[in-house]
Amino acid sequence: MSEQFTFTLKATSGKARLGEITMPRGTIRTPAFMPVGTVGTVKAMYLDQVREGGADIILGNTYHLMLRPGPERVARLGGLHELIRWPHPILTDSGGFQVMSLSGLRKLDEKGVTFKSHIDGSLHHMSPERSIEIQGLLDSDIQMQLDECVALPAEAKEIERAMEMSLRWAERCRVAFGEQPGKAMFGIVQGGDIPDLRVRSAEGLKQLDLKGYAVGGLAVGEPQDVMLDMLDITLPVLPNEKPRYLMGVGTPDDILKSVARGIDMFDCVMPTRSGRHGLAFTRRGKVNIRNARHAEDMRPLDEESSCPAARDYSRAYLHHLVRSNEALGGMLLSWNNLSYYQELMQGIRKAIAEGRFADFYAETIEAWEKGDIDAR
């Protein structure tokens with residue numbers, strides 16, 4: 001473990017990058033998938049399982065943790081790592097996504113954003129400085145700038161206004177963050193689906209010489225092709241020697257195609273949310289365990305998986321649990337899904353190290369397209 005935050009680019013295969021982030025609380029192997037622990041919990045999972053499944057880092061959400069248990073309380077209790085029993089790195093989102101997702105419960109101006117709590121209606125003002133302060137009280141290892149995320153499609157003038165304000169907020173966050181050895185603040189590229197705005201945002205953030213850069217405001221309503229086009233335009237502008245994080249993405253297919261373009265870090269609620277609704281991700285593609293075809297199938301989801309949920313429990317039992325709305329069904333499928341995501345990342349890293357990412361890419365997509373095993 002390093003006393004400083006460092007990123008080392010170890011190998012490339014095409015544009016895909018193999019790297020390593022080192023910091024006091026541990027090492028993050030990249031490309032990395034970061035499970036989302038919004039309120040200090042990865043839903044339906046023990047954090048021991050999350051770690052054993054291969055996660056080097058998890059997420060927490062500044063907005064939700066601000067409301068409860070509250071950042072000052074978390075600090076009094078020793079910080080988020082101590083509270084949730086996760087001694088490894090944590091990245092905290094800034095609250096910027098909630099500027100979009102809770103647009104009916106907030107007011108926005110140059111100073112920041114005022115949220116009306118979705119829990120009790122109380123008002124909470126979050127400026128760029130307060131966002132960084134909260135993330136510091138949580139003792140987050142990687143802190144995100146406060147930004148304004150705009151849902152797509154949107155008017156060009158609105159996208160430009162939000163991008164420019166996000167840039168100004170990034171400068172304020174950088175000042176508020178200061179110098180924190182062993183920790184990092186990442187800027188967030190905005191600009192919607194407009195190439196020139198994406199380039200302007202990336203160039204502006206690059207001038208701040210941050211320790212990492214995220215691409216935000218994608219996977220918010222636009223087709224996958226548009227998201228990938230924006231990556232093709234944005235990534236060449238960002239510093240090659242800094243980690244690149246695609247926020248809120250995504251499906252296994254999104255991840256594979258984004259790694260091929262040079263993304264290093266991902267997060268998404270999809271594996272756990274899908275698991276709670278009966279959808280499993282496997283090396284053969286998606287499996288809807290609710291379907292009647294699984295009702296009397298005693299075969300596992302994947303006999304070759306290293307995850308007990310995929311390897312040791314029958315489809316018939318998983319089908320029964322999900323159709324009966326038993327909590328265990330969502331727990332087992334979330335476990336399977338997070339394990340599959342981490343197995344995918346492990347395969348990606350190995351393929352880049354061996355210089356055969358293009359082959360791995362083709363083989364993985366071919367297996368997904370071939371589909372699940374035949375019904376019995």
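**Notes on the predicted chain**

1. Among contacts in the chain between residues at least 6 apart in sequence, 65% join residues at least 24 apart (contact means heavy atoms within 4.5 Å). This is a predicted model, where local features need pLDDT of at least 70, side-chain atom pairs count only at pLDDT 80 or more, and totals for chains, interfaces and linings use all residues. Numbering starts from 1 along each chain as its sequence is written, and side-chain values use heavy atoms, with hydrogens and water left out.

2. How much of the chain is buried? Of its 376 residues, 55% count as buried, that is, under 20% relative accessible area with a 1.4 Å probe, protein chains only.

3. Next, a record to look at. The unreviewed UniProt entry has a "binding site" annotation that includes Ser94, Asp147, Gln190 and Gly217; such annotations may be inferred rather than shown by experiment.

4. Take Ser94: its relative accessible area is 0%, so it is buried. Leaving aside neighbours within four places in sequence, its contacts include Thr62, Met126 and Asp147.

5. Gly217 has a relative accessible area of 7%, so it is buried. Beyond neighbours within four places in sequence, Gly217 is in contact with Cys149, Leu152, Gln190 and Arg198.

Key:
Buried < 20%, exposed > 50% of the residue type's maximum accessible area, 1.4 Å probe, protein only.
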